[in-house]
Amino acid sequence: MIVSETRPATPVTAASPLSAPAWTLEQIEALFNLPFNDLLYRAQQVHRANFDANTVQLSTLLSIKTGGCPEDCGYCPQAARHHTGVESQSVLPIDEVLAAAKAAKDKGATRFCMGAAWRGPKQKDLDPVLDMVKAVKALGLETCATLGMLRDGQAEQLRDAGLDYYNHNLDTSPEFYGEIVSTRDYTDRLDTLGRVRNAGINVCCGGIVGMGESRRERAGLVLQLANMTPPPESVPINNLVQVEGTPLHGTEKLDPFEFVRSIAVARITMPKSYVRLSAGRQELGDGVQALCFLAGANSIFYGDKLLTTGNPEAEQDEALLKRLGMHTA
Ligand code: SAM
Ligand code: DTB
Ligand code: SF4
């Protein structure tokens, strides 16, 4: 055995005696470097020890405010400075949001995630979102929002409205981050995540692979996520969706097996988190997605659209899960 399946026995950082020992970059890289079958076997063992291996949770996304974003995230079709053809749209009326949430629930989603192309919400932006959260929650769905950076007090307002999860991704490792985004830094992201955690909202935090990062940098992203205390409850792993007009369009595509490895390493290092096979599923195809489930993915974005780009049709996902003998949560 090269590395242990659970966290190492000896703390490697100056953690308090009560906190769980941290993963090291070397341990996470060693997982990435395992033979593929050994890695998947290990991931599947961890998965089975913590979850029903044949159940997948469904989250549906809706862009409640699209495009025109002032940030410069190199992957994103919604940045105003990238000419991608995404049409800007102001905040959706609440009845449209509710209709989409009802449709998602009828289709079997258990969580509804509302995304906005903001650097962060101003109070006048947040007010209508609070109403949306209340109304979606009243439908009996779990609520999630991804609105960018939060200021002091905003997470508490979202919590009080009934927000169950806040999505805010680290995106990549601290070392590679500066290649991708310049308008906010890594510590800004960690600060928002701290506000979400302190407010008692569940944390949904992951990143993107396939942006030209090295394997070590992928391991660096997982290191950050796995060493959060506690780790995020939901960990979306996105495969870069390359959109024409974004700086990352034309990046060399990641080997799909490396994407599967990333899922497996996330599963092993965050045994109790939901690991979501997120953006980029259309390009992966059924076979690779099945490997992702084997590697411990137990959540997907469900519905024919992500925020602005495509996602497999719900019927296609239902057919895939049926072929795999899997069921939904
Ligand atoms: N504006 C808010 C923010 O950046 O926090 C919320 C929405 S933003 C679109 C949410 C996340 O979607 C990003 O942090 C990124 O991880 C992911 N994302 C955006 N564009 C993507 C792409 N082309 N491929 C894969 N993931 C993407
Ligand atoms: C996450 O990690 N992925 C989702 C969700 N959180 C908000 C967003 C994916 C966006 C893909 C590009 C688009 O559709 O605009
Ligand atoms: Fe704006 Fe979010 Fe896109 Fe960055 S990822 S450009 S903050 S919408």
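**Two ligands in a predicted model**

Ligand 3 sits in the largest cavity of this predicted model.

Q: What makes ligand 3 count as sitting in the largest cavity?
A: A molecule sits in a cavity if more than half of its atoms lie within 2 Å of the grid points, and ligand 3 is placed in the largest cavity on that basis. Ligand 2 also sits in the largest cavity.

Q: Which residues surround ligand 3, and what makes them count as its shell?
A: Ligand 3 is surrounded by Cys69, Glu71, Cys73, Tyr75, Cys76, Ala79, Ala117, Trp118 and Arg184, each of which therefore has a heavy atom within 4 Å of the ligand.

Q: How many residues of each class does the shell around ligand 3 have?
A: The shell has 7 nonpolar, no polar and 2 charged residues; Glu71 and Arg184 are charged because Glu and Arg belong to that class.

Q: Why is the approach of Asn238 to ligand 2 called a polar contact?
A: A polar side-chain atom of Asn238 lies 2.8 Å from an oxygen atom of ligand 2, and since the cut-off for a pair of N or O atoms is 3.5 Å, the pair therefore qualifies. Thr309 also places a polar side-chain atom 2.8 Å from a ligand 2 oxygen, while Leu307 uses a backbone N or O atom at 3.0 Å.

Q: How much of ligand 2 does the protein bury?
A: Taken alone, ligand 2 exposes 410 Å², and the protein buries 89% of that.

Q: What classes of residue make up the shell around ligand 2?
A: This shell has 6 nonpolar, 6 polar and no charged residues, with Phe301 and Asn167 among its members.

Methods: Residues are numbered from 1 along each chain as its sequence is written. Chains are lettered from A and ligands numbered from 1 in the order in which they are written. This is a predicted model: local features need pLDDT of at least 70, side-chain atom pairs count only at pLDDT 80 or more; totals for chains, interfaces and linings use all residues. Side-chain values use heavy atoms; hydrogens and water are left out. A polar contact is a pair of N or O atoms within 3.5 Å; within protein, one must be able to donate a hydrogen and the other to accept it, and residues adjacent in sequence count only if both atoms are side-chain atoms. Accessible areas come from the Shrake-Rupley method with a 1.4 Å probe; for residues, only the protein chains shown count as cover. On a 1 Å grid over the protein atoms alone, a cavity is a set of points where a 1.4 Å probe fits but cannot get out, and a pocket is an open set with protein on both sides within 12 Å along at least five of seven lines; lining residues have an atom within 4 Å of a point.
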